[in-house]
Amino acid sequence: MNKQWQGTTSGNSQMHSGLIMLLRVIDIRLIYAFAYVFVVPAYLFRPGFKYIYRYFRQRWGYGRVKAFFKTWQNHCMFSQVVIDRFAMYAGKHFHFDVEGYEHFQQLSDKPEAFIQLSSHIGNYEMAGYTLSAKKPLNALVFGGEKPSVMENRAKMFSDKNIRMIATRDDMSHLFLIDGAIQRGEIVSMPADRMFGSEKRVDEHLLGAPVKLPLGPFSVAAMRGLDVLAVNVMKSSTRGYTIYVTPLSYDREAPRSEQTAQLAHGYTTELERILRKYPTQWYNFYDFWNV
């Protein structure tokens, strides 16, 4: 994986605090416009721009001009979702439509734990502000994120029954995940990026082979847990659509086949959503050649 891009939010704590204060008094569209003019152009010289351009050229078959325009659009969309997170910290409100909410509610009412799989598309953090459950939700998050972002998340999640589990180099976060499952809680994990373990499962996405982390699918299969794929996509300036989709698998099949079925269901759903929102793909590294 490209080590130059670590998935952290740009800026420092002072910049983040300043942005939150601005968003309390300024129309969010003005902040978007500022980002388009002064922030997005800087990313033309970073590796991520090249990889997103390649995504549109190779995965979507666009010509050079269209691929460049879509890459620019992708970076503008990403700036919007990052700003939207800080807008939530500032007390702004967004409209959410949810497709498949009944699946989340049904599993939340059961005493057993279940797994919620996410991807680095759209704005998954927004799901935490919308999908409310009676039982605690434990969200696995990147341990290298900026402290100011983690603090703001913690404040926002404090009354949502959500706990964050930061990944650690010693893999001790696995014990916290296991404890949450034993207590019958919800565990949310990204299933498109590697976190520590190098064990992978082979799949296909947008016509090309990819390697996904085995862990999220293996955890579900080992315990025979229900699994939901949840994707939160920006649909308008102040609106999002949340897609909640159950992933089925044969719980009597051999373990390796169960994980393969879950991985296939996950990539099938991921591709379905990407075909609706191709510019909201935010893996800024050479995803298909890792």
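Colleague: Why is Ser-118 called buried?

Modeller: Set its value against the cut-off. Buried means under 20% relative accessible area, exposed means over 50%, and partly exposed lies in between, with a 1.4 Å probe and protein chains only. Ser-118 has 5% relative accessibility, so Ser-118 counts as buried. Ser-118 is found in strand 2.

Colleague: Where do these values come from?

Modeller: This is a predicted model, in which local features need pLDDT of at least 70 and side-chain atom pairs count only at pLDDT 80 or more, while totals for chains, interfaces and linings use all residues. Residues are numbered from 1 along each chain as its sequence is written, and side-chain values use heavy atoms, with hydrogens and water left out.

Colleague: Which residues does Ser-118 touch, not counting residues up to four places away in sequence?

Modeller: Contact means heavy atoms within 4.5 Å. By that rule Ser-118 touches Tyr-124, Met-189, Pro-190, Ala-191, Asp-192, Val-230 and Tyr-266.

Colleague: What makes Gln-182 buried or exposed?

Modeller: Its relative accessible area is 59%, so Gln-182 is exposed. Gln-182 lies in helix 7, residues 173–182. The C-alpha atoms of Gln-182 and Glu-112 are separated by 8.5 Å, and these two are 70 residues apart along the chain.

Colleague: And Leu-206, buried or exposed?

Modeller: Leu-206 is buried, because its relative accessible area is 7%. Leu-206 sits in the loop between strand 6 (200–205) and strand 7 (208–213). Leu-206 also has a positive phi of about 55°, although it is not a glycine.

Colleague: How much of the chain counts as buried?

Modeller: Of the 290 residues, 52% count as buried.

Colleague: How many helices and strands are there?

Modeller: The chain has 9 helices and 9 strands. Both are DSSP runs numbered from the N terminus: helices are H or I with at least four residues, and strands are E with at least two.

Colleague: What makes two strands a pair?

Modeller: DSSP must find at least two bridges between them. Strand 8 and strand 9 have 9 bridges and pair in the antiparallel sense. They form a hairpin with 2 residues between them. In strand 9, Gly-239 is the bridge partner of Ser-236.

Colleague: How many bridges join strand 2 and strand 8?

Modeller: Strand 2 and strand 8 pair over 4 bridges, in the parallel sense. Here Gln-116 stands opposite Leu-228 in strand 8. Strand 8 is mostly covered, with 8 of its 11 residues buried.

Colleague: And what about strand 1 and strand 9?

Modeller: They have 5 bridges and pair in the parallel sense. Phe-96 has Tyr-240 in strand 9 as its bridge partner.

Colleague: In what order do the strands of the open sheet run?

Modeller: The sheet has 7 strands in the order 1-9-8-2-5-3-4, and the pairing is mixed.

Colleague: Which strands are the edge strands?

Modeller: Strand 1 (95–99) and strand 4 (162–166), as each pairs on one side only.

Colleague: Why are helix 8 and helix 9 called oblique?

Modeller: Angles run from 0 to 180 degrees between N-to-C directions, and axes are lines fitted to C-alpha atoms, for helices over the stretch in contact. Under 35 degrees counts as roughly parallel, over 145 as roughly antiparallel, 65 to 115 as roughly perpendicular, and the rest as oblique. The axes of helix 8 (residues 215–223) and helix 9 cross at roughly 130° and come within 9 Å. Helix 8 and helix 9 are therefore oblique to each other.

Colleague: Which classes of residue make up the contact of helix 8 with helix 9?

Modeller: Ala, Val, Leu, Ile, Met, Phe, Trp, Tyr, Cys and Pro count as nonpolar, Asp, Glu, Lys and Arg as charged, and the others, Gly among them, as polar. The contact residues include Phe-217 of helix 8 and Arg-255 of helix 9. They divide into 7 nonpolar, 3 polar and 1 charged.

Colleague: How do you know that helix 2 and helix 4 are oblique?

Modeller: Their axes cross at roughly 140° and come within 10 Å. Helix 2 and helix 4 are therefore oblique to each other. Among the residues in contact are Tyr-32 of helix 2 and Trp-72 of helix 4. By class, this contact has 9 nonpolar, 2 polar and 1 charged residues.
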